[in-house]
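Hi,

Here's the structure I promised to pass on to you. Have a look at it first, and then read on for what turned up in it.

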Amino acid sequence: MKRISTALIRGIADMGWGLLGLLLIAYLMLAYAGLSVTGEQALVASPTGFLYYMIVTVSTVGYGDSSPVTPAGQLMVALFIIPAGIGLFATLLGKASASVISQFTKRLYGEQSIMQQDHIVIVGFNAYTESLVAQVREEAREGQLLALCVDDAAPAKNPFLEQGVEYFRAATLSDESLYERASVKEAALVVVDVEDDSETNLVCMHLAAIVAERCIITAYVKNQMVGRLLETHCPKVNVIPSLHQKMLVKAAIDPGSEEVLRQLVDVDQAQTQYSTRLDGVTGSLRVDRLAARLRARCRAALIAIRQAGELHPTLNPDDDVQVHPGDEVFYIASRRIGVAEMAGHLAGEEPDAP
């Protein structure tokens, strides 16, 4: 009996949802046939009534409003429907609970997989990751998922679970399954912030080969030589070099420059830098008219433009330069100006309130 019970418990634990579903269907069919044969017509008069009776019985609620009345029906219920039903119900409840706990555990320890599109992915974990997550969440649109891919040097548990950040952890950042589980192929933006520049280079080259064409990859590097190498071999990657030394020299020559740069990239400041693509705009517009409208209607200061097909933006463009639909404008403002709102301003129309 001990061996039989052990085998039974192991079999139930290893039972898949498909087999369990087949057993449930077989159980319901046998119960229906048994009640019909034993003359319990009131219990099988309608599918709804039959299912109601079965659920109330096997869940041991037992309201008493439906019950067998024939001796054969009472034996059928006592010897088959209740014992087998309670066993199946307990198995279903146990597997459902285990599944929920397993999914939560996987999400906590970064072992889960997701099917997602147009989300934001951060690769790497360091002392600045918490601040980076906060800034990305600030810039992300409402409802946009944020995923964090890390290696085994990162915390074992998701440190951003309460913020709704999905956590993906693997032995190394070169593990392809890490990016498969995070659906990186369908991401809208990937930010690579890895401590080692060589690893940054490898990660970026791999990501550039698998992400969708619309995806933007941004990577931070400390060594400018690595940054130039990465730009040469992966033009799709936007390389952000370390500015610490440049800021030090700039602050020495032009005191206060470091504070201006800090405010431009700090989302906690009132004035920050944004960019908006001119989609929906009809016709071209001179830079001086563009700058005047942004200043008058949005209190935004134009600082650069990037024309379609150009790799880098042009700072402080000349007034007579023509800006066309599809170009990108960079500006300083207290908030981001949406595509539709920008089109309304440049068309001379007052847009709807954001």
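So, to start: what percentage of the 354 residues of the chain count as buried? The figure is 35%. Keep in mind as you read that this is a predicted model.

A few more words on the whole chain. If you take the contacts between residues at least 6 apart in sequence, 64% of them join residues at least 24 apart.

Next, a pair of helices. Two packed helices are described by the angle between their axes and the distance between the axes. For helix α11 (residues 287–298) and helix α12 (residues 339–346), the angle is about 110 degrees and the axes are 10 Å apart. Angles of 65 to 115 degrees count as roughly perpendicular, and α11 and α12 are therefore roughly perpendicular to each other. The crossing of α11 past α12 is right-handed. If you want to find the spot on screen, look for L290, R293, L294, R297 and C298 on the α11 side, and for M342, G344, H345 and L346 on the α12 side. Sorted by class, this contact has five nonpolar, two polar and two charged residues.

Most residues other than glycine have a negative phi. D118 isn't a glycine, yet its phi is positive, at about 55 degrees. Is D118 buried, exposed or partly exposed? It is partly exposed, with a relative accessible area of 28%.

N316 is another residue other than glycine with a positive phi, near 45 degrees. N316 sits in the loop between β10 (314–315) and β11 (322–323), and at 67% relative accessibility it counts as exposed.

Last stop: H119, which is also in the loop between α4 and β1. H119 is buried, with a relative accessible area of 0%. Which residues is H119 in contact with, leaving aside its neighbours within four places in sequence? Among them are Q144, L145 and A147, as well as A182, S183, V184 and E186. The C-alpha atoms of H119 and V190 are separated by 8.7 Å, although the two residues are 71 apart along the chain.

Technical notes:
Residues are numbered from 1 along each chain as its sequence is written. This is a predicted model: local features need pLDDT of at least 70, side-chain atom pairs count only at pLDDT 80 or more; totals for chains, interfaces and linings use all residues. Side-chain values use heavy atoms; hydrogens and water are left out. Buried means under 20% relative accessible area, exposed over 50%, partly exposed in between (1.4 Å probe, protein chains only). Contact means heavy atoms within 4.5 Å. Axes are lines fitted to C-alpha atoms, for helices over the stretch in contact, and angles run from 0 to 180 degrees between N-to-C directions. Helices (H or I, at least four residues) and strands (E, at least two) are DSSP runs, numbered from the N terminus. Angles under 35 degrees count as roughly parallel, over 145 as roughly antiparallel, 65 to 115 as roughly perpendicular and the rest as oblique. A crossing is left-handed if the near helix is turned anticlockwise from the far one by less than a right angle, and right-handed if clockwise. Ala, Val, Leu, Ile, Met, Phe, Trp, Tyr, Cys and Pro count as nonpolar, Asp, Glu, Lys and Arg as charged, and the others, Gly among them, as polar.
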